[in-house]
Amino acid sequence: MQYSFAARTEVMLSSPLHLIRSLANRESFISFAEELPAEELFPVSSLEAAAAAVISNSPTALQYGEPQGFLPLREWLSEDWKRTKRIDVGPDQILLTTGVQQAMDLLARVYVEPGDRVLVESPASPGYLQVFKMQGAVVIPVDSDQNGLIPERLLEQIERTQPKLLVASPNFSNPTGVLWSLERRKEVLDLCREHSILIIEDNSYGDLYFEKLSQREFTSLYPSLFALDGSGSGQGVLYIGSFSKTIAPALRTGWAAGSRPLINMLAAAKQLADWQSSTLNQRFLHNMLESSAFDIHEHIKMLNREYDTRLKLMNGLLQRPAWQDASYVIPKGGMFIWLQLPDGLDSLALLKCALGKGAAFLPGTLCYPDGRGSGWIRLNFTHPGRDELLLGMSLIGEAIGEFTARS
């Protein structure tokens, strides 16, 4: 049978990530391309204890649950955000989702019509671009610098395109790792308020920071757009995130927080999508978070110490001769280095060579909706172990050396 797939499905199959992921299962393959935390740092023993306690406690743990998510976990998030992030929302303003990607997808389904303009911080996460292109949106990049989204560029695009949405990650954005200044946060929020543009704020990487600050101190210096907008009372920001980068991706537990009308609409869409995310996983998480044997904030501090060490190791490797003409800025947190290749190098051609050697990175073209980025790559420094970092960076360095030798 000849299947007649919708034209928009082409965006799902055109990415080199499909090839990279298929190769990543090989034992000798080293990937810096994906958005993966380090599995050796997962709190396995705490999760085992929580799973045993939940399953032995009551068979209702295996029953259907609320579409909006397990209430005790939403209550935990509400209280924790109030203490550590200066975000004051009730559990009824939180929807638990199957990761950040689903939160973005649900929002696109209920808020975006084909042809609507959606602004994205540029460069942007490839996942963002795919979700909104699949919905038929016109995705428009807005340039950023080391302080965040550039307000003048944002205003230009607002006046030219009359967008409906802005998607941004003020804390260690993917792929650049940029941490927005407080001034930029306020300027962007004011512009979007003035023009009635909903902001989707992805804080997936916000807990992974390497400055020696408590969460409350960090939040004071870099408050979320959601907090600046009154934690939903301003109705101008949807705040999304997940436990994937801090606990474990396989639990597939994320959230969306916002005004009640917005969360109610997303919850209705979620019932159509999958009725609910895994209540069992949400119960595992809640049991572990409430356990006296596990402190998530201490766990995150441990992650940040190790990831900071790996970042410093990668930075040291980037001082080697093969990388001498590359340029980058060391991020203060997150999971990535966004690197400009030596002049004349194309990221897709380099990727093909690196794949043959057994290593991969994300080519920059996947982070732009308009075909730019051929001279850039994204390197994940959190997933490879220290030995893999050494070997993988050497292999990519070899590939760079082969190209530069030809020129």
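**Close-up views of a predicted model**

A polar contact of 3.4 Å links the side chains of Asp 116 and Lys 164; such a contact is a pair of N or O atoms within 3.5 Å, and within protein one must be able to donate a hydrogen and the other to accept it, while residues adjacent in sequence count only if both atoms are side-chain atoms. The model is predicted: local features need pLDDT of at least 70 and side-chain atom pairs count only at pLDDT 80 or more, whereas totals for chains, interfaces and linings use all residues. Residues are numbered from 1 along each chain as its sequence is written, and side-chain values use heavy atoms, with hydrogens and water left out.

View 1. Asp 116 sits in the loop between H5 and strand E3 (117-122); helices (H or I, at least four residues) and strands (E, at least two) are DSSP runs, numbered from the N terminus. With 19% relative accessibility, Asp 116 counts as buried, a term for residues under 20% relative accessible area, with exposed meaning over 50% and partly exposed in between (1.4 Å probe, protein chains only). A polar atom of the Asp 116 side chain lies 2.7 Å from the backbone nitrogen of Glu 113. Not counting residues up to four places away in sequence, Asp 116 touches Tyr 111, Ala 137, Val 138 and Lys 164, contact being heavy atoms within 4.5 Å. Gln 162 is 46 residues from Asp 116 along the chain, and their C-alpha atoms are separated by 8.9 Å.

**View 2. Asn 174 and its partners.** The loop between strand E6 (165-168) and helix H8 (182-194) holds Asn 174. Asn 174 has a relative accessible area of 5% and is therefore buried. Its side chain makes a polar contact of 2.8 Å with that of Arg 378. Neighbours within four places in sequence aside, Asn 174 is in contact with Glu 35, Pro 123, Ala 124, Ser 125, Tyr 205, Phe 336 and Arg 378.

**View 3. Helix H11.** The 14 residues of helix H11 (residues 260-273) should span 20 Å at 1.5 Å a residue, and the end C-alpha atoms are 20 Å apart, which agrees; the expected span is 1.5 Å times one less than the number of residues. Leu 262, Ile 263, Leu 266, Ala 267, Ala 269 and Lys 270 are the buried residues of H11. They lie on the same side of H11 because they cover an arc of only 165° around the axis, the arc being that of the directions from the helix axis to the C-beta atoms. Pro 261 and Leu 272, on the other side of H11, are exposed. The buried residues of H11 pack against strands E2 (94-97), E7 (198-202), E8 (237-242) and E9 (254-257), and against helix H5 (99-111).

**View 4. Helix H14 and the cysteines.** Buried residues in helix H14 (residues 347-357) are Ser 347, Leu 350, Leu 351, Cys 353, Ala 354 and Leu 355. At the start of H14, a side-chain oxygen of Asp 346 comes within 3.1 Å of the backbone nitrogen of Leu 348. Gly 358 follows H14 with a positive phi, near 100°. Cys 353 is buried at a relative accessible area of 18%, and Cys 192 counts as buried at 2% relative accessibility. The count is 0 disulfides, a disulfide being a pair of cysteine sulfur atoms within 2.5 Å.
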